[in-house]
Amino acid sequence: MDLNIAIGGPQGGGIDTSSNMINRAFAEAGYNVFGVREYHSNIKGRHSYNHIRVKEDRPRSLKYPVDIIVALDADTIFEHLEDVGPGTKIIYDRSFESSDLSQARMIMRDTARRIKERLDGAGFPNTVKGAVAYMKSQGGVPIAVPFNDVVAAATSEGPASRYFNTLGSAVTLSIAGLDKKFTIEAIKQVFSNKEKVVAENVKVVEGAYRYAAENGMAGTPLKVLPKKKRFLLTGNDGSAIGKLMGGLRFQTYYPITPASDESSILEEHEDFAFIEAEKKRLKKGGVVVVQTEDEISAVTMAQGAALTGARSSTATSGPGFSLMAEGIGFAGMDEVPVVVTLYQRGGPSTGLPTRNGQSDLLFALNTGHGEFPRIVLSSGDVEECIYDAMKALNYAQRYQLPVIHLIDKNLANSTDLVPEIDLKRVPVPQTLRTEPLPDFHRYTLKTENGISPMGYLGKDIFWMTGDEHDELGHVTEDTEMRDAQMRKRFKKLETALSEIPQNDMAVLYGPQNADITFVTWGSQKGPILDVMEDLKAEGISANLLYLKMFMPFPTQFVKGILEKAKLVIDVESNMLAQAAKVIKLNTGIEIEKAILKYNGRHMTEDEILKAAKDIYEGKTKEEVEVLENGA
Amino acid sequence: MAHNFKNDVTVDWCPGCGDFGILTSITQALGEMNFNGNDVVAISGIGCSGKTPHYLNMGGVHTLHGRSIPYATGVKLANPRLKVIVPSGDGDMLGIGAGHFVAEGRRNTGLTLIIYDNEVYGLTKGQAAPTMQLGEKTKSLARPNVFGKVNPITLALSSGYSFVARGFSFDMKQLKELIKMAVMHDGSSVIDVLQPCPTYNNVNTMEWYRERVYKLDEDKNWNPVINPGEESTIDEKFQKAYQKGLEWGDRIPTGVFYDNRTIPSFTKRLAEFVPNYLENPPSEQIVAATDGYTNVDPYVTFADKIIQ
């Protein structure tokens with residue numbers, strides 16, 4: 001089975017709850033799900049949707065056209081006009097049919113204009129009825145469900161519209177052929193066993209399944225797969241879990257999308273549990289999460305905590321990261337172990353606050369004035385978020401510098417079923433020290449690898465300054481000391497390059513030699529791995545040079561692969577092909593072909609495949625293919 | 001033997017600078033309180049005041065312009081046992097760092113903020129600082145100051161600071177006592193220190209201040225303290241403090257304006273939610289199991305995210 005679902009409705013209308021039901025119901029039946037959440041910067045009313053894919057083995061990407069569109073409001077039909085293909089089932093309420101595009105005030109004006117042009121061009125009326133007819137002309141199968149009647153027949157508790165999301169999910173699951181018991185189990189989980197709410201929603205599920213059966217919509221029963229214990233996680237969850245496992249005990253943040261979910265998750269789990277073997281030995285403690293007055297405060301407060309020995313970090317997105325520049329510079333100059341998790345969204349400025357982007361790579365590599373070492377790493381899926389967050393904290397401690405962990409919005413808001421969390425994959429060094437260091441020189445030059453012993457406020461007496469400093473940490477403008485301290489700081493980067501395993505910096509997926517070599521980072525990893533299989537089925541071999549660390553940069557490894565590659569295609573969610581620029585800077589190799597997307601929506605398997613084939617087969621003379629999928 | 005809080009780093013402030021009086025008051029106050037060098041830390045910003053930590057024999061961080069408060073807050077929250085003093089300039093606290101200054105009043109973390117208030121940006125050659133009067137013309141200004149002044153006392157009160165005082169750097173006896181009270185205060189405290197800049201401020205000189213300063217407690221009825229159980233006097237004492245805070249010109253009050261001991265510090269508020277926070281704060285936690293891997297169990301901690 002390979003099922004793609006788009007479920008949409010008004011923001012605040014329970015779309016997340018619906019998706020959660022669908023995810024959990026399939027998971028209960030042993031299937032794997034993967035999804036992405038798309039939403040406006042708006043609290044109530046504007047269009048939001050979840051794109052979900054269900055498979056027996058783990059889906060890694062999403063695909064258009066979808067198999068089922070669930071429209072919980074009229075806008076969804078208009079917004080997803082182009083997402084249908086032959087056989088796409090369109091579930092909606094017949095009462096939407098009279099809705100006119102000109103009255104759809106919550107659709108962005110430019111979007112409405114484009115929809116109008118499309119409908120007018122194809123000769124369909126500007127109503128939902130017309131839009132559905134258009135979708136039908138593209139092969140879609142409209143399924144009008146009387147939402148109000150079905151709900152009213154099931155429950156009279158509260159307004160019917162309250163249950164539209166449950167109804168939409170249940171109809172979808174029924175069409176997919178999923179046994180009702182899994183849907184009911186999902187309802188219980190989603191509503192956290194709140195008896196009354198569960199009972200009413202179960203009635204709606206029963207009603208939806210009954211309606212589907214009576215109207216010949218119910219799908220062939222799906223086989224039930226062996227059920228496994230799994231985590232249903234987003235990228236935000238993954239990073240929060242990894243941080244706690246990696247010893248994080250102090251986190252700061254200023255509210256910003258899509259970063260603050262991570263801090264909220266940490267706050268919800270501030271009273272964490274120790275592993276069984278350690279419960280007796282350890283004193284109970286918690287993680288301190290502080291909402292600050294701005295991001296300048298967030299990045300500097302985290303450093304204050306780090307200076308006492310606490311593992312600490314902050315999480316932000318582009319606009320907040322811009323404010324953090326001076327603080328990151330201090331961490332570089334003063335060798336403060338601090339992790340900044342940078343959730344990238346569409347920029348510049350406020351940009352696309354709730355949409356995807358990978359346009360902060362060059363900024364992350366150059367944040368702050370002056371020259372100082374830092375580590376910049378990136379994650380590409382939810383599991384990587386967990387272990388990379390742990391590693392980021394380790395790097396910060398080991399090399400005493402700012403570590404910037406890049407996660408894109410698409411990944412932050414992806415949901416994935418993670419089969420297990422490996423407690424022994426990443427070691428966690430204990431750095432707690434109770435005795436002061438004698439004759440302590442915080443920035444001693446007597447070091448081969450550039451790393452000096454870390455000092456802890458409250459234990460050691462030492463000084464620090466954002467000025468250039470001597471070994472004690474006092475201000476200096478001496479020429480030789482300046483040179484020596486600059487070299488010492490940058491020596492740490494060489495040390496890091498020699499100590500960090502190759503696989504944590506870059507990975508080659510697929511055969512050594514291939515017709516196409518993709519280069520990417522972040523959340524395109526999954527889609528490209530799927531595209532590689534699609535290409536293989538068509539007799540085209542492909543591999544993927546997947547980048548995880550940009551500073552220090554795995555120059556030799558990358559060079560080795562690109563020098564012998566036949567056709568290299570760089571795939572990124574930005575306009576300037578920033579990773580390709582970093583490669584050029586480090587290796588001198590210029591990547592000529594690129595597939596780029598900067599409309600803020602997630603890259604899907606189908607569009608990458610098409611663009612890659614166009615480039616491979618010479619159908620396009622352009623060096624850059626720009627992708628446009630997504631509502 | 002008592003720890004000596006002075007060290008041997010050469011002090012490069014101008015001769016006659018008011019900063020010397022503050023430095024001496026700090027070292028004397030901490031010495032008299034019998035602290036050790038690792039019981040106290042100093043977190044400063046930028047400028048002449050920012051150099052203070054280098055002249056103290058204790059943990060010291062000379063941070064970024066305006067950012068001393070958030071750095072200090074991080075230190076205090078991660079290790080609440082520490083006494084954290086924040087010697088920073090009027091520009092640091094009330095100009096570039098004004099947002100942090102206001103936010104810290106709300107937090108009441110337990111920092112001792114010492115504002116070096118000389119009305120000028122000395123290290124950059126005497127531009128007007130946020131505490132300079134509108135229309136004031138010092139010798140380093142090309143034209144009279146076109147900005148109004150921020151009142152450190154009333155801003156501190158409005159922001160929620162639970163201890164607000166003013167000292168004069170040439171009255172070290174009083175300043176030392178104010179610092180001791182502020183350090184022992186459980187919440188965050190502000191001491192606005194009138195500190196003449198002999199090089200760039202030729203208006204608000206030592207003599208100018210000497211003619212004007214008086215002590216609030218010269219009035220035997222002055223009682224700014226609110227102890228637990230006396231919450232009903234908060235409004236009245238706050239208003240009196242605010243009134244006194246507005247006084248400026250021929251007479252300038254010094255001493256304690258407001259000392260509210262009923263507001264729980266941020267560390268106490270956190271202790272209500274974070275397990276064992278005060279006994280086992282972030283700085284003291286063991287983060288690894290004996291086998292060198294994580295000691296946090298994600299299966300139990302994040303059980304809400306597991307599909308069984």
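**Questions and answers**

Student: Is Asp439(A) buried or exposed?
Tutor: Count the other C-beta atoms (placed from the backbone) within 10 Å of its own: 20 or more makes a residue buried, 12 or fewer exposed, and anything in between partly exposed. Asp439(A) has 5 of them, so it is exposed.

Student: And what pLDDT do local features need here?
Tutor: Residues are numbered from 1 along each chain as its sequence is written, while chains are lettered from A and ligands numbered from 1, in the order in which they are written. This is a predicted model: totals for chains, interfaces and linings use all residues, side-chain atom pairs count only at pLDDT 80 or more, and local features need a pLDDT of at least 70.

Student: Back to Asp439(A): what is its phi near?
Tutor: Most residues other than glycine have a negative phi. Asp439(A) sits in the loop between β15 and β16 (463-465) of chain A; helices (H or I, at least four residues) and strands (E, at least two) are DSSP runs, numbered from the N terminus. Its phi is positive, though it isn't a glycine, and lies near 45 degrees.

Student: Where is the cis bond that has omega near 0 degrees?
Tutor: Most peptide bonds are trans. The proline of this one lies in the loop between β8 (248-253) and α10 (260-268) of chain A. The cis bond runs from Thr257(A) to Pro258(A).

Student: How many strands are in the open sheet that runs from β6(A) to β12(B)?
Tutor: Two strands pair if DSSP finds at least two bridges between them. The order is β6(A)-β5(A)-β4(A)-β1(A)-β3(A)-β2(A)-β15(A)-β7(A)-β12(B), with mixed pairing, and the number of strands is 9.

Student: Which residue is the bridge partner of Phe231(A)?
Tutor: β7(A) and β12(B) run antiparallel and are joined by 2 bridges. In β12(B), the partner of Phe231(A) is Ile306(B).

Student: Which element gives the largest share of the side of chain B that touches chain A?
Tutor: Residues are in contact if their C-beta atoms, placed from the backbone, lie within 7 Å. The contact takes 58 residues from chain B and 70 from chain A. The largest share of chain B's side, 8 residues, comes from α2(B).

Student: Why is that helix described as largely enclosed by the rest of the structure?
Tutor: The buried residues of α2(B) include Ile69(B), Tyr71(B) and Lys76(B). Helix α2 (residues 68-78) of chain B is largely enclosed because its buried residues number 11 of 11.

Student: How far apart are the C-alpha centres of domain 1 and domain 3 of chain A?
Tutor: The domain bounds come from an automatic or database domain assignment. Domain 1 covers 2-214 and domain 3 covers 434-500 of chain A. Their centres are apart by 58 Å.

Key: Contact = placed C-beta atoms within 7 Å.
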